[in-house]
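Me: Can you walk me through this one? Keep it short, please.
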Amino acid sequence: MLRTIRLIGVPMDLGQSLRGVDVGPSAVRYAGLTERLRKLNYNVLDCGNVPVPVRDTLVSSEESDFVRPIRASCSMLYEEVSIALAAGDLPVVLGGDHSIAIGSVGGATHAGPAGVIWVDAHADYNTPVSSPSGNIHGMPLAILTGHGTSELINVGRPGAKVAPKDVMLIALRDLDAHERKELRKSGMGLYTMREIDERGMAAVTREALSRLKHLARIHVSFDMDSIDPNYAPGVGTPVAGGLSTREAHLLTELIAEDGRLGSVDVVEINPILDVRNRTATLAAELLASLLGKTIL
């Protein structure tokens, strides 16, 4: 029997101030994701999109006033991901800004712990007190580990959703001063671009997977701004000096070979800022690698 992948779109643009990421799920679908996955011998069930309020219909433009609608959409996503996993399916979540990980990682850990590989130029480890911008898409990892706004910490079930020691951050290169201080004492695996440059992506990925060897399942949260903007221009917070396409494919191929991938989200694709859908197409290609596509 073919394994089923459930595609779940989350057109979320409430976690940050730059518009356009709400079109991300459509852009990845348009890039032929379903066809790519069917060629890998999966049954693909597209579940459509989790409802997210249109930003312009909300009364305020203040980020702090978006907590309730973000909570509502992430609660629905939490349920969809946990139901998919209970059925033995593999949920692939298409964002949307990175605040959706509050729901995707929460749902992925509903029935038991899972390791999290967080691929991102940023740590997303701010709280409302420390955040320079107040943008919630810069807070999901802090929220998932139990820090920040209680309404978001308690999405799906009360409390933190993942232990810091079970989180590996890969491709870091743009951290706020507060994040840098808190990350050093967090217990998470921290792999900056300098470390990738010095040691190589293969060594870093294998070490991160080894540090999660006590866990049966892994969730990958892949922010497309982890990729150098020369290859992925369609993101809202680009940072030079990121992963090459080949490094990103090697990372996803090694995770696929590990065999413990249970769920994934890919986020922060902004087609308005993209060039001929390059970033969404690369996201679809990387998802195919993560789900078993190989060169030979």
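Me: Contacts between residues at least 6 apart in sequence: what share joins residues at least 24 apart?
Reply: In the protein chain, 75% of them do. A contact means heavy atoms within 4.5 Å. This is a predicted model, where local features need pLDDT of at least 70, side-chain atom pairs count only at pLDDT 80 or more, and totals for chains, interfaces and linings use all residues. Residues are numbered from 1 along each chain as its sequence is written, and side-chain values use heavy atoms, with hydrogens and water left out.

Me: How many helices and strands are in the protein chain?
Reply: The protein chain has 11 helices and eight strands. These are DSSP runs, numbered from the N terminus: helices are H or I with at least four residues, strands are E with at least two.

Me: New topic. What percentage of the residues is buried?
Reply: Of the 296 residues in the protein chain, 57% are buried. Buried means under 20% relative accessible area, with a 1.4 Å probe and protein chains only.

Me: And strand 1, how many of its residues are buried?
Reply: Strand 1 covers residues 4-10, and seven of its seven residues are buried. Thr4, Arg6, Ile8 and Val10 point one way, while Ile5, Leu7 and Gly9 point the other.

Me: Which way do strand 1 and strand 2 run, parallel or antiparallel?
Reply: They run parallel, joined by five bridges. Strands pair if DSSP finds at least two bridges between them. Leu7 has Asp46 of strand 2 as its bridge partner.

Me: How many bridges join strand 1 to strand 3?
Reply: Six, and these two strands run parallel. Val10 stands opposite Gly95 in strand 3.

Notes:
Buried < 20%, exposed > 50% of the residue type's maximum accessible area, 1.4 Å probe, protein only.
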